[in-house]
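This report describes selected local features of one protein model. The sequence and the structure are shown first, and the description follows.

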Amino acid sequence: MDRLPLAWRPGLVGAALVLVVLAAARPASVRRTARRAALLAARAGVLAGELVLMAEHRLTRRRRRRGRQPRPRVVRLSAFVDRRLVRGGRVRRARIGAIPRVRTAVVATLVVATFAPSAAWVATDRWPQNPFARATRSAFSRWNGLEGRLRLGGTADVAAEQVSGPSTTAVIPPRLSWTLAGAARPIRFGASADRALAADLDGDGASELVAFAAGTWRIAGWADELTLGQADDVPVPADYDGDRSDEAAVFRPATGEWLIDGAASATTLGARGDTPVPAAYTTVGVAQPAVYRPATGEWLGVAAAPVRFGEPGDVPVPGDYDGDGLAQPAVFRPSTGEWWVLNGPADAVVWGTDGDVPVPAAWFGASRTIPAVYRPSTGEVLVIGHDPIDVGVTGGEPVVLRRDGAVTVAVVGPPG
């Protein structure tokens with residue numbers, strides 16, 4: 001090492017120290033700890049920004065009540081806080097969701113610590129002839145190839161229209177076909193044994209396509225998989241903590257447990273044969289575990305005591321049908337096409353027939369849940385009070401999701 005230029009020595013020592021630390025620590029623990037710390041910092045920024053916006057809203061409302069106009073400086077400050085802290089914090093949380101970035105950062109730090117000092121030295125002294133220059137050029141050439149394979153700079157969230165196949169650490173055949181309403185071509189993502197669903201796991205307001213199987217969550221556009229649950233668990237992602245992003249969660253019918261990502265302990269509610277129906281029944285914006293028991297028509301977890309609402313054969317379709325921000329228990333009766341909402345209208349809404357799949361949502365920008373059905377025989381989504389939506393494919397399983405600020409549907413077809 002005595003023959004090496006001084007610029008090389010700190011880089012090699014730093015590389016050796018990084019290798020020793022990585023060898024002593026568990027890589028999974030390092031990634032998990034760094035990701036949680038970064039998520040906590042991003043959430044703190046979003047919370048601080050929301051507090052500032054709340055104060056500005058109250059100050060503006062008070063001035064308007066007194067017949068005064070809002071202060072321009074306060075308005076500009078609130079706009080800056082909303083753009084940088086709130087929206088920027090959500091974007092940072094979305095990027096933090098890409099766990100491989102932590103591993104990529106470690107590799108990048110190692111390479112920079114090793115080669116940056118030598119590159120600076122070589123650039124200023126005897127670049128063409130020095131043997132270290134040739135070694136540095138070769139090293140950076142290898143790094144450029146490694147950078148392409150690691151996909152540095154990739155985003156955690158990719159719009160469904162831009163996804164041509166899965167991007168996961170495991171190689172799986174893209175066999176499930178996702179057809180989005182209005183999309184030019186279907187998306188191939190997931191395997192035949194996967195359960196198709198959608199969830200906004202990064203809090204950016206758009207749903208990610210998710211393929212779940214035996215506790216493995218494969219998310220379209222994400223480089224890593226999530227692991228939560230086991231075989232026979234039912235995925236039930238929802239916003240359980242009110243942070244405006246869905247948490248991965250599963251319902252375990254064998255024990256009635258609800259395992260929620262980030263929760264300190266499991267919640268026990270329900271049993272085998274129950275249908276999980278999590279929603280914001282008591283607190284606006286915060287979902288809670290709940291189940292519907294088809295055998296008795298009981299809803300558990302929606303109130304302090306069990307609520308009996310429904311008959312055998314009914315399909316639970318909870319939603320915010322009155323627009324107050326809270327979900328109400330509701331059922332769709334396939335035999336008659338009736339929609340019954342707890343504490344709703346005295347007469348049922350008739351929409352759909354036997355064989356239709358209910359897909360209630362806030363369609364067409366509505367502020368409340370609207371009854372709607374997917375008709376597999378025609379490939380149409382029929383929303384009450386609106387023209388049919390032609391998905392362009394018959395059969396399959398409908399998955400409701402949010403894309404480009406609006407509710408849409410993807411029909412997941414059989415393996416192809």
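## Basis for the sheet assignment

Two strands are taken to pair if DSSP finds at least two bridges between them. The model discussed here is predicted.

## The four-stranded sheet

Four strands form an open sheet in the order β17-β18-β19-β20, and their pairing is antiparallel. Strands of a sheet pair through backbone hydrogen bonds, in either a parallel or an antiparallel sense.

Strand β19 comprises residues 338–341 and is joined to β20 by two bridges in the antiparallel sense. Across this pairing, Trp 339 stands opposite Val 349 of β20.

Strand β18 spans residues 330–333 and includes Arg 333. This arginine has a relative accessible area of 13%; because buried means under 20%, Arg 333 is classed as buried. Apart from neighbours within four places in sequence, the residues in contact with Arg 333 are Glu 311, Asp 314, Glu 338 and Trp 340.

Asp 354 is located in the loop between β20 (349–350) and β21 (357–358). Its relative accessibility is 61%, and Asp 354 therefore counts as exposed, the cut-off for that class being over 50%. Between Asp 354 and Arg 333 there are 21 residues of separation in sequence, and the C-alpha to C-alpha distance is 8.3 Å.

## Aspartates with positive phi

Asp 232 has a phi near 80 degrees, which is a positive value in a residue other than glycine. The residue lies in the loop between β6 (226–227) and β7 (234–235). With a relative accessibility of 67%, Asp 232 counts as exposed.

A positive phi is also found at Asp 404, again a residue other than glycine, with a value near 55 degrees. Asp 404 belongs to the loop between β25 (397–403) and β26 (406–413). At 70% relative accessibility, Asp 404 is likewise counted as exposed.

## A nonpolar surface patch

Leu 47, Leu 51 and Met 54 make up a nonpolar patch on the surface. Together, these three residues have about 300 Å² of accessible area. Leu 51 is placed in helix α2, which covers residues 27–65.

Key. Residues are numbered from 1 along each chain as its sequence is written. This is a predicted model: local features need pLDDT of at least 70, side-chain atom pairs count only at pLDDT 80 or more; totals for chains, interfaces and linings use all residues. Side-chain values use heavy atoms; hydrogens and water are left out. Buried means under 20% relative accessible area, exposed over 50%, partly exposed in between (1.4 Å probe, protein chains only). Contact means heavy atoms within 4.5 Å. Patches are made of residues with over 30% relative accessible area and no salt bridge: like charges are joined within 9 Å, nonpolar side chains (Val, Leu, Ile, Met, Phe, Trp, Tyr) within 5 Å. Accessible areas come from the Shrake-Rupley method with a 1.4 Å probe; for residues, only the protein chains shown count as cover. A salt bridge is a side-chain nitrogen of Lys or Arg within 4 Å of a carboxyl oxygen of Asp or Glu.
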